[in-house]
Amino acid sequence: MKSISRWLVTVLLLLCAITCVARDRSSQTTYVIANDDGLFTNSMSFFAAGGTVGAPALSFSADVSLIGRGIGGGFFGLPRINMLASPSAECVYASNAGTSDIAGVIIASGQLAGQFNPSPTDVGDASGVGILVSPSYVYAAYSSSNTIATFSVMPGCQLSFVDDVPAAGLNGGSIAGIALHGNILVVAYGDGSIESFNVANGVPISNGDAQNSSGFVASLGIDFPEGVDITQDGHYAVFGDSSIATKVEVSDISSGRLATTVLYTVSGVQRAVAPGVNSASIRLSPDQTMVFLGNSDGGSVSAAFFDNHTGKVSGGCTSPVLHGFYNPWAFAGAIITRDTTGNGGVLYVAEYGFVNSYIGILSIASNGSNCTLTESPASEVPDMLSNGLLSIAVYPPRSF
Amino acid sequence: MRVTLRAVVITIAFCIPPLINAWAGTPPGCPSRPLPGTPVNNPLDLYSQNGVLTVDLLIQNSVDVEGFPHVCYIYTYQGQPIEAPTLRVNPGDTLNINLTNALQSMDLKSSKKKVVHMHLPHQGPGPADDCSGNEVLPSSTNIHFHGLNIPPVCHQDDVINTVIESGDPAFHYSIQIPANEPPGLYWIHPHVHGNTTDQVNGGASAALIVEGSNPITQGLNERVIVIREQDKPGPPNDPDANVQLTINFEPAIYPDRPAPTITLQSGVQEFWRLLNASSKQFLSLQLTYAQTLQNFEVLSIDGVQLQTPIFTNTLNIPPAGRMEFIIPGLRSGQTGQFLTVGYNTGPVGDANNPALLAKLSTSADLHAQKHLELKAKTQPKPGRFSGLASMAPNTTRSLYFSEQNIGTTGGTQFYLTVAGRQPRLFHMDDPPAIVTHVGAVEDWTIENHSGEVHAFHIHQIHFLVLAINGAPVPNPDLQDTIIVPPWLGSGPYTSVTVRMDFRDPEIAGTFVYHCHILDHEDGGMMAKIEVDPN
């Protein structure tokens, strides 16, 4: 009897959570969605955006079990939760790195659509599985097997495995960052090398342009492109470098292949007292006037100005070290903007902790030549289900 | 070169046949190691005689039944392979080691991603030899004489160009222990860049004791305790899951298995010489009798006798650190525990967990394993490090440790940088990061810009510890390895300030300083210093 009561309560709570999420979707509440990367049972947590202009906030809304297992860590710049870059996005996909499968969740209902397996040789339990979403396909980039699996998108957020292809760095690295625009899929290998693939026919085919980036200093073994983003018109791929200084590299991809990258050391960024900046994760603002960088080892966030006509990066600013850096959280993971227009308004930062993880919240202020990043009084928000938060997404998503 | 090469083999067992023949009958692999729950025994002692100790060592490897890789220094004694004997010499003695490398190429690499730096292939005239920087293979090895103040040259204590390949003829080391070397505990271990972690974790290390007289320890039973660490690749999301501490090769994994045991003569003090030969474990040692914390009487740190013994109930010892101390007598019928209580390595440091190293009990009729005798043939000459505290430094330098990560699961870049320079991963062919000269006395401040503890070590010399986090140390002592505390994310960087003593002309040459967390060292947290002769 007792167990039946517990079961009923659990079902009611779950229904309530799902209803809340579904109701909020219809009113276009903005949600931050986290791939919790849970070691035992992975989950996806939804946080509703709120607060005021000066004090943006997040509040936990619901969670969805993803059945599979996470790994509680991984590469900083690898997007492990993603959705179609369109207001019409209906599905959010998250990887279960520990079991190497992909979970699909129906946004409108907050229900798990299912877990979808790649080939048995696709493994991502070392440092995660990155996810990219196009209207017809989901691409899963596996950091252990160094493969990219292609899934067909089916109705109801279902996926069907199609094929996989190898993707390994020139210097022994693994897939550490990925981005997609139209028919080009760009990979950073975390070893100084980058490569692009053509996905016109669904399954990626290498463009044969694997190369070391300009910023990579092979003789010193330093500065690796890691996080990647691509401009709305598909002209430029922008890389955040895993490096001591805050470095951005930009490659012209308008030809459909990677051109030699141009290296920018973001000016106006002072190390203050941060232990290495390490601009490993990157995100363009919705209006593409700014590029945001998560300083993974420094516990801060940087911004620089971006000219989407020339691909040039200039100026910039860095937040103070965020609340709770090194106590209780240790690394900054993915960054993402709240708004789908302008400079994004608010930045969210995944804050990785060994025990508990958090989401940091910052307000963005910019006049086009100067900027400030101010942490909200409501930051940091705990993600109680996470064993090591690195990947977050926002719904509704940016349009590219 | 002041070392005289003498073809005299004087050890406990002498008249050993030529080396290659001696190993012909040795079965491949390492000898069995003690089972958990058994008594902790001293390593075999090898003493110098008539000023010379010559030892033939074989280094080889195997994997035990639980999957732990073993890498062992084998000495053949009465026809039996003995692992990691203690080398006992006097100041002024000659120590000869003939090292035969029989390491098999096996994948010893841990699950953590590493960057292995290789020498460029030999391009000079004539054949490559083991002194000219062979290509580093997973089976390459050499020996570092940790803590000894001896020349950084091939066949002595060079780790930059000395690369001994598997299958090469026995490599001859010949060291003259300085006449003024402080009597105390030193050690030997492999130091080929990129291979050090795996070979030391495999067990390739041995205590080296420079004998000397100390009235305080006269007549006390002496134990030599070597804490090692053995690692096997674990699940990707928990690389520390398969890390075990061992005490004289016996796993200390209580309560999973019985704890090692040490039996003391009831009511009698003992003199312990303890070496932390683990690759990354910071020990925080305590001793309890009947659940009451006891004081250690610390006599020496890193081989150098303290001016005044320190009484303390906790010994914090970094990887490669040594302490020599007296433990109080355990009353008849009482039991005790010798343990490490775990060490906070910082917000992003590796777990250094508590472990019961041994259970202690007493025996009334115990025959002491070894009573100390005054064996010193030569009284140490005063002079080494003398007056260092009162000297004005010629130069001050600032260095810092930093890290950069691609993710939380590996791919960390480890840097040790002179302030103002660009961080870079160490490469064996790097030019010296620091150039100084014999006679220099320098004050170095070493900061930690990472959220993880580091262990700074410099070859060839000791340094005087002046300040920690800017606060002067009341009674500076000499060390060769020091803990640099983790930075906690706000406020000034943590730091240590030490006084380097480059006055001894014997240490002229090029050598290295590095973090003695060995996967940091292998990962690039190292640099060269050149000390030019006057």
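Chain B meets chain A through 28 of its own residues and 37 of chain A's, where contact means C-beta atoms, placed from the backbone, within 7 Å. This is a predicted model, so local features need pLDDT of at least 70 and side-chain atom pairs count only at pLDDT 80 or more, while totals for chains, interfaces and linings use all residues. Residues are numbered from 1 along each chain as its sequence is written, with chains lettered from A and ligands numbered from 1 in the order written.

**Between the chains**
- On the side of chain B that touches chain A, strand β24 (residues 395–404) gives the most, with 3 residues; strands are DSSP E runs of at least two residues, numbered from the N terminus.
- That side of chain B splits into 9 nonpolar, 17 polar and 2 charged residues (nonpolar: Ala, Val, Leu, Ile, Met, Phe, Trp, Tyr, Cys, Pro; charged: Asp, Glu, Lys, Arg; polar: the others, Gly among them).

**Domains of chain B**
- Chain B is assigned domain 1 (19–210), domain 2 (221–363) and domain 3 (388–532), with bounds from an automatic or database assignment.

**Cores**
- In the largest nonpolar core, of 123 residues, Leu57(B), Ile59(B), Ala207(B), Leu208(B) and Ile227(B) touch the most other members.
- A core here joins buried Ala, Val, Leu, Ile, Met, Phe, Trp, Tyr and Cys through C-beta atoms within 7 Å, buried meaning 20 or more other C-beta atoms within 10 Å of a residue's own.
- Beyond four places in sequence, Ile227(B) contacts Leu245(B), Ile247(B), Leu274(B), Leu275(B), Asn276(B), Ala277(B), Ser278(B) and Leu283(B).
- Another core, of 120 residues, lies apart and includes Val32(A) and Phe224(A).

Methods:
Contact = placed C-beta atoms within 7 Å. Helix = DSSP H or I, 4+ residues; strand = E, 2+ residues; numbered from the N terminus. Buried ≥ 20, exposed ≤ 12 C-beta atoms within 10 Å, placed from the backbone.
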